[in-house]
Amino acid sequence: MRNYFRLVLVIPLLVLFCRAAYAADRPSFCNQCVRADEDFLASDALQGRGSATRDEHIAATWAASQFESFSLEPGGDNGTFIQKTTLPNPLPDRLKQYISKWEDTPRTETWNAVAVLRSSDSKTQQDAILLTAHLDHLGIGPAVNNDSIYNGADDDASGTTAVIELARTLSQGKRPKRTIIFALFGSEEIGGFGNRYFIEHPPVPVDHIVANLEFEMIGRPDPAVPAGNFWLTGYERSDLGPTLAKHGAHLVGDPHPDQKFFQRSDNYALAKRGIIAQTVSSFNLHKDYHQPSDEVSKLDIPYMTTVISSMVMPIRWLADTDWKPSWNPNGKP
Ligand SMILES: [Zn+2]
């Protein structure tokens, strides 16, 4: 009888202990941070984060400060979280013409924010997982319905939010077996200058990057795929998407292959170098694309929270395994 009572006491204690251990191992995702990040990045105060403007610089500095607060390692220039590069001088004519339609600011420099979550394992530490998005948008331009601020809440404050919130969550708990790099690029909209500089000045050698996931326009659900999912460009090109989905990522195939999104984002420069680099998106071809009306009020924050948080455990798994994704036959660009 006495043993029986002891068991009755021990079992609930064991259950409590296991639950606590499980919870400690499962980092907690900050739901309200998704809205907070968007409220800052896509605010009128940031004036649409025009490529290579002071507003892009402020966005990069803020992202760097977020990374620093998560106790990540700096991945930028001279021990900082920032990478700065100058745009080509003179700018190509096509670009000069394009920029002249937008706010009249000198554009000479662009900024990235880069952070590293260093591996804990000497055997796998040279492998790196790269998570990216672009910080910049179009800035101030021709007014539409009396609004001249192109806020870019979906393009690409939403992807920037995803990278920052994944950094916040993945930096909790024990360090991964592979290194994870978080990089936010400037000047994507005028030709991918920030991304180009990053590829020439990466915090680890480029060929150590096992996989790159770019997050681009994930602020609204796409009715072309089942509810609560986003999609991966070039899904059928590699085994990365299906494998992450098997581990819980709410990822399906790109329903708009005719749009050639695989080639239209910052992932492509890396993919052309042979790295498995694909873009996560849910762009539903909405009419606010590159318009002043791409604003926070149009976002579906609960949707964003669902899909971004669905990536935490699959990325954690990818960072803790020695499995390497590979291109399918004819998948490599
Ligand atoms: Zn974009």
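I take buried to mean under 20% relative accessible area, exposed over 50% and partly exposed in between, with a 1.4 Å probe and protein chains only. By that cut-off I find both C30 and C33 buried.

**Entry 1, ground rules.** I am working on a predicted model, where local features need pLDDT of at least 70 and side-chain atom pairs count only at pLDDT 80 or more, while totals for chains, interfaces and linings use all residues. I number residues from 1 along each chain as its sequence is written, and side-chain values use heavy atoms, with hydrogens and water left out.

I looked for pairs of cysteine sulfur atoms within 2.5 Å, which is the disulfide criterion. The count comes to one disulfide. C30 and C33 form it, with their sulfur atoms 1.9 Å apart. I note 75° about the S-S bond, and the link of C30 and C33 is right-handed.

I listed as donors the N, O and S atoms within 2.8 Å of the metal (3.2 Å for Na, K and Ca); water is not among the atoms, so sites may look incomplete. The zinc ion is coordinated by H134 through NE2, D155 through OD and E216 through OE, at 2.0 to 2.1 Å. Along the chain the donors of the zinc ion follow the spacing H-x20-D-x60-E. D155 sits in helix 5 (residues 153-170) and E216 in the loop between strand 8 (209-215) and strand 9 (230-232), so this pair links distant parts of the chain, 61 residues apart. I use DSSP runs for these elements, numbered from the N terminus: helices are H or I with at least four residues, strands are E with at least two. D155 and E216 are buried.

I found L135 in the loop between strand 4 (128-134) and strand 5 (139-144). L135 is buried, with a relative accessible area of 0%. The C-alpha atoms of L135 and S158 are separated by 9.5 Å, and the two residues are 23 residues apart along the chain. I count a contact when heavy atoms lie within 4.5 Å. Leaving aside neighbours within four places in sequence, L135 is in contact with R49, A59, A60, A63, W111, A113, T160, L184 and F185.

I define a nonpolar core as a set of buried Ala, Val, Leu, Ile, Met, Phe, Trp, Tyr and Cys residues joined through side-chain atoms within 4.5 Å. The largest one has 78 residues, and F67, L131, F182, L213 and M311 touch the most other members. Helix 5 gives the largest share of this core, eight residues. For M311 I list L166, L213, F215, F230, L244, A249 and L251 as touched, not counting residues up to four places away in sequence. I also find a second, separate core of seven residues, including A52, L87, L95 and I99.

**Entry 6, aromatic pairs.** I pair rings of Phe, Tyr and Trp (its six-membered ring) if their centres lie within 6.5 Å; planes under 30 degrees apart count as stacked, over 60 as edge-to-face and the rest as tilted. The count comes to nine aromatic pairs. The rings of F67 and F182 have centres 6.2 Å apart and planes at 35°, so I record this pair as tilted. F67 lies in helix 3 (residues 54-69) and F182 in strand 7 (residues 179-185), so the pair ties together parts that are 115 residues apart in sequence. F67 is buried at 0% relative accessibility, and F182 is buried with a relative accessible area of 0%. The rings of F185 and F198 are tilted too, with centres 5.4 Å apart and planes at 55°. I also find W231, F261, F283 and Y289 in one aromatic cluster.

What covers the faces of strand 11? I find A277, T279 and S281 on one side and Q278 and V280 on the other, all buried. In a regular strand the side chains alternate between the two faces of the sheet. Two strands pair if DSSP finds at least two bridges between them. Strand 8 and strand 11 pair in the parallel sense over four bridges, and E214 has T279 as its bridge partner in strand 11. Strand 9 and strand 11 pair in the antiparallel sense over two bridges, and there W231 has S281 as its bridge partner.
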